[in-house]
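Here are some terms used for packed helices. Each one rests on a cut-off.

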Amino acid sequence: MRTLAPEILKGIRRGIEKESLRVRPDGSLSVLPHPETLGAALTHPHITTDFSESQLELITGPHEGVDACLEELTEIHKVVYRAIGDELLWAASMPCGLPGDDAIPIGRYGSSNVGRAKTVYRQGLSHRYGRRMQTISGIHYNLSVPGTTSEQYFALIRNFRRRSWLLLYLFGASPSVCSSFVAGRRHELQELAPGTLYAPHGTSLRMGRLGYQSEAQASLKVSYNSLKSYTASLYDALTKPYGPYEKIGILKNGEYLQLNTTLLQIENEFYGTIRPKRRIRRGERPLHALRERGVEYVEVRLMDLDPFVAVGIGASTMRFLDVFLLHCLLDESPDDTPDEIAAVRRNQQAVALRGREPGLVLESSKDKTTLAAWGRQLLDACQPVARALDAVHGGSAYRDALMGAAGIVSNPNAAPSARVLHAMARNHADSYVRFVLAESLLHAGSLRGLALATGTQQRFGHLAAESLAEQGRIEAGDKVDFETFRQQYLSPDLLKV
């Protein structure tokens, strides 16, 4: 395994994007618009919305240290809580009690062409997958390593995909759901209590068949062996019509139903557990940016919100992710194959639904092995990375994070998914909604009770005002009608270098 010089380890940057539903004090979904005091969701650098108008997305900048990143995430939460009145941020990944699909409000971004396109894209998601699936929330963890090439980032991604089941086991915290989430759908869950369904050994239903999955996308054979093979496979999905989506159509009675009829409307629709990323310029397509300038960082997309932590993720989890991602970067990473890609998917679904099942067997590259044995092997292999990070940052926090993970591998009852079920049984009569509402109230109280750092309120007030002004400038600057804009933006030529 390769090693990284201390100056490179010091130069690593990490950032967080955290999604949360806004809910009313009784735990039902808020249908109020995005608060204007938080600025424009279209243009604010730190506070926006995801699929739903009720689904906040809070974004930190890139940070040299874990603690600084968490400090910024906490400050953003404190600002938000001062703007949403008596509403709460739902503390879990799987949603609260949901109304019918049509009553879940889709994100609105103003009257500009780019703002309308964001809303139409969400309309397309609702027609393709239903709105309930889109209300699932999570943590995205972004990591960049100085001097890392696109080829090396893709090696990291291949290893991550092979081993990412371990993260579902260690940090999955969605073993149960409100029954409103699966109303009218086939599922494999059992009733735990009236209104609550669960998988007895489940870890992350969010990442299983009921979660952020797409049978249509399962037909995509995306290769991560190179930037060229990855972008080529996405290019086809972004440019070739897909029969079932052609049946939906683009326009009906003057209303846009989706952006286009291809398998993916835009790049963001591809539901990967990890993505190669590159910052884009205004009007640029992400695929073009990747092709022209290469991979800049990776975005980990499979992390559940931790319902026991006020901001959804803790320092030890972040440090484990640093270690795990660096191990994936430094270890040998052979090319993937279609058979291996299929096995990766089967492992993910098995751990999501049955991860704490005694003796669960997974498919490794050479053979079949138990989750526990493979987990111990991976954690042992991560030790040199943890030691190197501790040597750079001082103390033993990275090794402690590994030790905590080892405890969960040896004791499934210590996993967050098990702790969720224990807390539901102990204090909430096995009710999922009652449990998450209680945690959400607890976190709201603690965050509302924390003072803002000097200058934070003024700075975020300025950011909100500037974001609203910027949205106005974008709206005033449109030179073509929306249909012309749509056709130009979706042109295959914009995806090429």
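Contact means heavy atoms within 4.5 Å. Helices are DSSP runs (H or I, at least four residues), numbered from the N terminus. This is a predicted model: local features need pLDDT of at least 70, side-chain atom pairs count only at pLDDT 80 or more, and totals for chains, interfaces and linings use all residues. Residues are numbered from 1 along each chain as its sequence is written, and side-chain values use heavy atoms, without hydrogens and water.

Q: Which residues of helix 8 and helix 10 meet?
A: Leu-227, Tyr-230, Thr-231, Ala-232, Leu-234, Tyr-235 and Leu-238 in helix 8 meet Leu-287, Leu-290 and Arg-291 in helix 10.

Q: Why is helix 8 called roughly antiparallel to helix 10?
A: Helix 8 (residues 227–239) and helix 10 (residues 286–293) pack at about 160°. Angles run from 0 to 180 degrees between N-to-C directions, with axes fitted to C-alpha atoms over the stretch in contact. Over 145 counts as roughly antiparallel, 65 to 115 as roughly perpendicular, under 35 as roughly parallel and the rest as oblique. Therefore helix 8 is roughly antiparallel to helix 10.

Q: What makes helix 11 roughly perpendicular to helix 13?
A: Helix 11 and helix 13 (residues 371–393) pack at about 110°, their axes 9 Å apart. So helix 11 is roughly perpendicular to helix 13.

Q: Which residues make the contact of helix 11 with helix 13?
A: Helix 11 brings Phe-320, Asp-322, Val-323, Phe-324, Leu-326, His-327 and Leu-330. Helix 13 brings Leu-379, Ala-381, Cys-382, Val-385, Ala-386 and Leu-389.

How values were computed:
Helix = DSSP H or I, 4+ residues; strand = E, 2+ residues; numbered from the N terminus.
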